[in-house]
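Please examine the sequence and the three-dimensional model shown here before reading on.

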Amino acid sequence: MPELVITVARFGFLILLWIFVFTVVGVIRRDLFAGARSGRLVAAPRAVGASTGQPLAKPAKVKRGRAAHQMVVTAGQLAGTRITLGESQITIGRAEDSTLVITDDYASARHARLVPRDGQWFVEDLGSTNGTYLDRAKVTGPTPVPLGVPIRIGRTSLELRP
Amino acid sequence: MTAAAVPAASPATTGEQSGVRMARSRRNAELSLLLLALVIVAAYGATVEATVLDTVTPDFWVPTAVLAAVFLALHVVIRFLAPFADPALLPAVALLNGIGVGFLRRLDLAKAAPGERESLAIFAGNGGRQFAWTLASVFLAAVLLALMRDHRSISRYAYTLGLAGIVLVMIPAVLPARYSEIYGAKLWIRVGGFSIQPGEFAKLALLVFFAYYLVRKREVLSLASHRVLGIDFPRGRDLGPVLAVWVLSVLVLVFEKDLGTSLLYFGMFVVTLYIATERVSWLLIGLILFFGGAYLAYVLGGVIGGPFENFHLRAEIWLDPFADPYEDGYQLVQGLLALGSGGLFGAGPGGGQPLEIPEVQNDFIFAGIGEEIGLFGLSALLVVYLLIVERGLRAALAVRDSFGKLLAGGLAFTLGLQVFVIVGGISKLIPLTGQTTPFLSAGGSSLMANWLLIAVLLRVSDGARRPLAGAGGSTARPGGGPPEQLHGAPTEVIRP
């Protein structure tokens with residue numbers, strides 16, 4: 001084997017290793033800034049929306065016409081957890097098949113749920129023992145949830161964010 | 001943002017759009033990363049042959065091709081069984097495992113008689129054995145993925161696994177040294193020419209138990225406390241489990257004479273405790289207990305010897321390896337010289353003298369590889385480990401249940417700690433203890449246990465990244481099973 005070939009192979013291998021590292025970093029980069037970039041993720045659809053006009057009337061309580069895209073746990077053991085909202089409902093409780101499983105002594109197995117209706121999210125208590133609170137008020141029936149208003153369940157508190 | 005003033009046409013559409021973006025399974029990214037990793041492994045094998053044999057044999061690609069087939073099979077299994085799993089884990093692990101197998105084969109080539117080198121069978125020697133273990137481990141990882149469709153299901157076996165873990169840890173300690181001791185550490189079960197290290201599997205079992213136990217107990221551990229010097233300290237009676245695990249790890253240190261394993265168990269527990277309670281005081285208590293225990297063992301080893309003597313000797317070697325470079329310090333000194341002569345870019349794959357280092361295929365594999373790929377390549381490998389750990393922690397952050405968080409966080413940390421303990425040991429940062437380098441070192445138990453660990457991480461990350469489509473009412477179960485737990489659904493009162 002000529003010396004040159006071996007030298008090229010040696011350094012080629014090292015460079016390939018680092019290319020691999022940077023490719024992996026490239027693939028996971030999106031995750032690293034997931035929280036910070038969430039605003040940009042919805043920017044494109046918003047532009048599409050502008051072109052089609054605003055045919056749909058917004059429910060009265062939506063602040064400045066912004067829709068909720070994330071639910072963020074702000075207090076309690078799961079603080080910091082973010083759930084990206086889709087079109088399906090979110091169930092909250094101690095039951096293992098809940099969307100958000102909270103291990104909180106004051107939460108019931110099936111405590112509450114968040115349901116989207118025409119782009120507005122409603123919180124609904126599912127007959128919990130200790131109740132669900134929207135800000136200070138106890139939730140009795142399906143109640144629209146404005147952005148940034150805390151929903152309290154036991155020691156856990158969550159908010160909808162744009 | 002001016003766009004914010006423009007109202008969204010339909011929040012449902014935007015929700016769906018971002019939902020689709022979040023729901024990308026990233027399997028194709030995994031496939032291309034895996035192919036890149038396999039190209040690197042093949043390039044490594046070719047370079048080794050070019051340097052050691054001075055020619056590239058026409059079948060240099062065979063070991064890589066078999067590995068490629070196995071890893072691609074696992075990729076396909078992931079595609080079906082865990083479609084939203086993290087895309088970076090499998091390629092990173094495949095790269096490390098492939099380079100490990102390649103390096104072990106390189107050692108076999110160097111040991112073989114010059115005439116036989118060209119015709120070394122792929123299942124021969126250490127490299128061949130590691131190769132066979134890789135196939136078995138990947139197969140087991142796939143089986144685990146198939147059996148465990150949801151990471152929460154293993155919490156059902158938490159107590160069984162905890163007991164199994166303790167039994168596995170204890171077996172080598174109670175066995176006679178003839179069946180369990182290799183180089184002064186009693187960590188093995190040796191039957192015939194075959195040895196397994198039950199502690200590697202115990203690690204996983206114990207972690208499942210810790211995670212389950214702490215999810216149950218963390219309320220009490222994190223609420224009741226006294227405040228001293230601005231840090232919340234737990235009540236005395238809540239320290240019980242921590243002290244129990246501390247005693248267990250000291251017993252491991254004393255009876256199995258292995259600091260690394262003991263540090264690993266204890267660190268694992270303290271960190272899960274910290275993740276569960278978010279109390280810095282646990283880390284302080286843990287560090288104080290561990291360093292106190294280790295220092296005490298060192299002093300006792302110097303004074304009375306006995307079970308602490310091995311550790312005392314290792315600490316002495318660490319403090320001054322060059323005091324006795326041909327006897328006690330020989331291994332560490334050879335490792336340091338290898339790393340030093342590797343320099344920045346190394347001697348090239350196949351160009352070093354790894355056989356000068358005793359046990360280069362096990363504990364000192366990082367020194368052996370380091371001599372050949374230099375600091376530049378070695379740091380790339382360390383970054384790959386770092387990325388694996390980061391992906392594990394990311395899965396822990398994103399998963400939506402506490403058990404999963406503790407499990408993934410603990411597993412990822414354990415992997416990182418193990419790399420720290422062994423790489424710190426060979427680079428003389430901490431006293432050397434016999435740990436395997438995950439995925440690189442020769443050793444079936446370690447390889448298999450770490451692949452199972454990766455399978456659990458894949459499963460948790462799949463749970464974490466799976467989109468919420470249909471969650472709640474009809475959870476998107478693989479295979480579209482019946483909606484679960486109808487009996488648990490509450491009666492709804494429909495109001496006008």
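Predicted model: local features only at pLDDT ≥ 70, side-chain atom pairs only at ≥ 80, totals over all residues.

Residues are numbered from 1 along each chain as its sequence is written, while chains are lettered from A and ligands numbered from 1 in the order in which they are written.

Q: How many helices and strands are there in chain A?
A: Helices (H or I, at least four residues) and strands (E, at least two) are DSSP runs, numbered from the N terminus. From the N terminus on, the elements of chain A run α-α-α-β-β-β-β-β-β-β-β-β-β-β. Chain A therefore has 3 helices and 11 strands.

Q: What percentage of the residues of chain A count as buried?
A: A residue is buried if 20 or more other C-beta atoms lie within 10 Å of its own, exposed if 12 or fewer, and partly exposed in between, with C-beta atoms placed from the backbone. Of the 162 residues in chain A, the buried share is 35%.

Q: What distance separates the end C-alpha atoms of helix H10 (residues 259-277) of chain B?
A: The expected span of a helix is 1.5 Å times one less than its number of residues. For the 19 residues of H10(B), this should be 27 Å. The end C-alpha atoms agree with that expectation, being 27 Å apart.

Q: Is B:Gly377 buried or exposed?
A: B:Gly377 lies in helix H14 (residues 365-398) of chain B. Its contacts (C-beta atoms, placed from the backbone, within 7 Å) are A:Leu14, A:Leu17 and B:Gly346, not counting residues up to four places away in sequence. Because 27 other C-beta atoms lie within 10 Å, B:Gly377 is buried.

Q: Are H14(B) and helix H15 (residues 402-426) of chain B roughly parallel or roughly antiparallel to each other?
A: Axes are lines fitted to C-alpha atoms, for helices over the stretch in contact, and angles run from 0 to 180 degrees between N-to-C directions. H14(B) and H15(B) pack with their axes 8 Å apart, at an angle of about 165°. Angles under 35 degrees count as roughly parallel, over 145 as roughly antiparallel, 65 to 115 as roughly perpendicular and the rest as oblique. H14(B) and H15(B) are therefore roughly antiparallel.

Q: Which handedness, left-handed or right-handed, has the crossing of helix H2 (residues 27-52) of chain B with helix H4 (residues 89-111) of chain B?
A: The axes of H2(B) and H4(B) come within 9 Å and cross at roughly 15°. That makes H2(B) roughly parallel to H4(B). A crossing is left-handed if the near helix is turned anticlockwise from the far one by less than a right angle, and right-handed if clockwise. The crossing of H2(B) with H4(B) is right-handed.

Q: Near what value is phi of A:Asp135?
A: Most residues other than glycine have a negative phi. A:Asp135 sits in the loop between strand E7 (132-134) and strand E8 (137-138) of chain A, and is exposed, with 11 other C-beta atoms within 10 Å. Its phi is positive, near 60°.

Q: Near what value is phi of B:Lys428?
A: B:Lys428 is in the loop between H15 and helix H16 (444-465) of chain B. With 17 other C-beta atoms within 10 Å, B:Lys428 is partly exposed. Its phi is positive, near 65°.

Technical notes
Contact = placed C-beta atoms within 7 Å.
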